[in-house]
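Dear colleague,

A short account of the findings follows it.

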Amino acid sequence: MADNKDIDEATGTDTTGHDWDGIKELNNPLPRWWLWCFYGTIVWGVAYTIAYPAWPLVNSATAGLLGYSTRAEVAEQIAEVEAQNAEVAAVLASADLSTLSPDDPAHRYGVAGGASVFLANCSQCHGAGAAGVQAGGYPNLLDDAWLWGGSLEDIEYTVRHGIRNDTDPDARWSEMPVFGDILSDEEIGQTVEYVLALSGQDHDAALAEQGLVLFEEQCTACHGDAGEGIRDLGAPTLNDAIWLYGGDRETITETITYSRFGVMPAWGPRLDEDEIKAVTLYLHQLGGGE
Amino acid sequence: MTQPPASPPSLYAAREPIFPKRVKGTFRTLKWWIMGVTLAIYYLTPWIRWDRGPNLPDQAVLIDLAGRRFYFLWIEIWPHEFYFVAGLLIMAGLGLFLFTSALGRVWCGYTCPQTVWTDLFILVERWIEGDRNARVRLWNADWSLRKVRLRVTKWAVWFLIALATGGAWVFYFADAPTLAGQLLTFSAPLVAYSTILILAATTFVFGGFMREQVCNYMCPWPRIQAAMMDESTLTVAYRHWRGEPRGKHRKAEGADQLGDCIDCMACVNVCPAGIDIRDGQQMECITCALCIDACDEIMERIGKPRGLIDYLALSDEEAETQGAKPRPIWQHVLRPRTILYTSMWSLIGVALVYALFIRSDIDLTVEPVRNPQFVTLSDGAVRNTYTLRIRNLTADDRDFRVMLTSDEILRIDVETDGPVANHVTVPANETMQARIYVIARPDDPAADAVTTDLRLWVEDVETDDRAGVSTIFNGKG
C-alpha cells in the first residue's frame, strides 16, 4: 500500500483513494489538539469511573473514591426541606383543627401536604382522586355522605384509629349480622324490595310491604326508623342516592345475605401527628367536609 | 499557470490590516446620524421613566425576568402573551427581507451593531492615532514610547466604550438607577458584573480587532442575504463602462481614450471591508456607501459627473453598458416582490396592534377535575369540580363575580368565595386559583346526560368586563 499513495496535487496530502464523481477525500491526519483532547477524555473517563460509582458487581457496584451517592443527596434534600417546614409542621401538629383559620400558614401547609400524604398512603384504596372504589367498598370521600361523620374531628378520629381493625382498641367498630343465617331467602327478598323503596328506586310494592315488617324488626335498630342511618354505629343511610357497595337489587341482596366487613388500618402509629392533621384538612376541603 | 508550484500553497490567509480613511459626503453624514441615533437609543432607553402607579416599576422599557413581565411604555406583556414578541420577531424578519430585496445589505452597512460600533471604534482610532497615512506609519513603526502611549490610550478608550456597552445592557433587566448605584458600590448581583464583562469583552474584541472578520466568517446573515438579492436589488457598484480603462496620467498621450476612473484609490482607502469595489460585487461588501462619497468628491474635483460609484442594480450595469439611460431608484424599490413583503409586514403589524387593543386585562383558564369526572351527592344530584385560574392584569385588586351560562339548568358554587357568595377577589397583578362546583339536580337533564356544554365566566363587579371559557359538564349518562 505504501508505494500506492495517491497524492493530491494542490495540498500534497495523500487521499483515502475513495473517489466520488472525481472528488477525492484527503487523508489528513487528525489535528493534534483534537487528538490530545480525545486522549484527555479517555483519561477523564477512566478517572471518573474510579472517582464515582460506576462498575457493576454481582450484588452492588463500585462505590467510587469520592463516596458520592444520589440517594444520599436526595436524603439530604429531603432533610433540608423537612427542616424548612419543621416550624409550620410543629404548629400544625399541636393545632386544634376546628379553630385553625384557613388563612393560617399551617392550614395551607396542611392542605398541600395532606394531598401528598393521601396519595402516598390512602389512594391505594380510596383512589387518587379520593372518589373511592365501589366494587371494593372503599368510600367516596368527595360526596356529602359520611359513615362515621365528616367533621374535622370525626375525620381525624377515623384516620387515627381506623375502622374494624385488630390493632387499635379505639378503632371505629360495628358489625352487620349475616342475615343469611337469620332470615329465609324469601324474607331477604322482601327486605330488599323495601330498601329499594326507601331509596326511591323501582320495586315490587307488595313484597316491599311485607319487607317493611322485617325491616322494623331487624334493621331499624342500626339504620334508623326511616333508614336514615346512625353515625355512632357507622350504619349507612339507606334512603339516599349513595351506596357504599352498590344500590341495585343484586348487590343489596348480597349485602343483607352475607353482610359486609370493610376494614381500614389505624394510621395513628404509622403517620406523624402533623401528617394525620394534614390529611384530615385535605380530606375535609375536598367538597364533602361538614 | 505555467509551472505547478514546487510546494503546495497554503490554504490559510492572514488578515490584511485595514486603515479606513476619513471621508465626507452624503452617505457619511447619514451614517453619522444613524450612529448617533441608534447609540443614543441603546444607551439612554433604560433611563427613561414611565409612571405606572405605585405597584409597578416606573422604567419605560424593562425586561423583568424574575417577575416574568416585559414592560414597554404603556404596554405590559405577560408570559402568556409572548406571541406579541414572536410577532415582532416575524416583522423584524420580514422587514429584513424587504430591505434586502430592495437595497441589498443595507442593514449591514448602516444599522448593524457590528458596523455601528466598529465605526465608533475607528472614529476613536482616528482621533488618537491620526488618519489613514498616520496609522499605516504607526503600524509599520517599531515599538517606541509614543507607539505604546497611543496604543494604550486607544485601547483604554475602546475599553471604556465597551464597558459602557455591556453596562447599558444590564439596565434593561433591572431598575436602572438602583442597579447603577449598586454597581458603583460593588453591591450589585454577580450576574450583572459577569454580563457586563462578557459583553464588554465581545464589544472590545469585535469592534477593535476582529471588525470585518465578524461579517466575513462569523455572521450567517450576509450569506442568507445573498440568497435574497436579485438582479434588480440596489447595491453599491462601479460603473465599469464609464470608468474603464482607468488611468492616472491625464495629460499623457492617449489620455482621451481613458475612462473617468483616475485610479486614485480613494474608494479603496475608505473601505472598512478592505476591498476594491471596482472588482465588482464582492462577498465582503457591506454596502456602507463610503466609496460613493469618496469617489463623488474626486469626480467633482476633476470636473466629471458624480456617480462613477453609485447605488446600482446588476441589471442597470448591463443595460447601461448597452447604452441605456440610468433608471430612477423608485423603479428598483417598487417591485412586486417588495410590495408583497411590505403588505405582509403591514398585515402582521396591523394584526398585532389590533390584538393589543382588544386584549383583555382579565384572563381565565378552566381546568375540569377529571378524577373523578363527577360526584353523586346524597340527594342524587351530580356535581362537577373545576379549577379556575383568574389572572388580574391590572395594578388594582379586583372583585369578580363567577357565573355560568348553559342551555341546561346548572347551579354554580364557588368554594373559595369571600363574604359575598360566588365572588372572588383577585389581587393586583396576580393569578388566583379558585375551585368551583357545578351541580345538576337529580331531575335535571344534565344529571343524566353524558356531557352538557357550559361556559364559565368571571365578571368584574365594577366595570362589567368579563372573560369566559367553554367547558363541559359530565353527567351520569
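Predicted model: local features only at pLDDT ≥ 70, side-chain atom pairs only at ≥ 80, totals over all residues.

Residues are numbered from 1 along each chain as its sequence is written, chains are lettered from A in the order in which they are written, and side-chain values use heavy atoms, without hydrogens and water.

Chain A is divided into domain 1 (80-171 + 269-284) and domain 2 (179-258), with bounds from an automatic or database domain assignment. Their centres, taken over C-alpha atoms, are 31 Å apart. Domain 1 of chain A brings 13 residues to the contact and domain 2 of chain A eleven (heavy atoms within 4.5 Å).

Between them, the two domains bury about 930 Å², 59% of it on carbon and sulfur atoms; buried area is the accessible area (1.4 Å probe) that two parts lose on being put together, summed over both. On the side of domain 1 of chain A, A:Gln134, A:Leu147 and A:Trp148 lose the most area, together 55% of what that side buries. Zero salt bridges are counted between the two domains (a side-chain nitrogen of Lys or Arg within 4 Å of a carboxyl oxygen of Asp or Glu).

The whole structure has zero disulfides over all chains (cysteine sulfur atoms within 2.5 Å). For A:Cys125, the nearest cysteine sulfur belongs to A:Cys122, 8.9 Å away. For B:Cys219, that of B:Cys112 is the nearest, at 6.4 Å.

With kind regards
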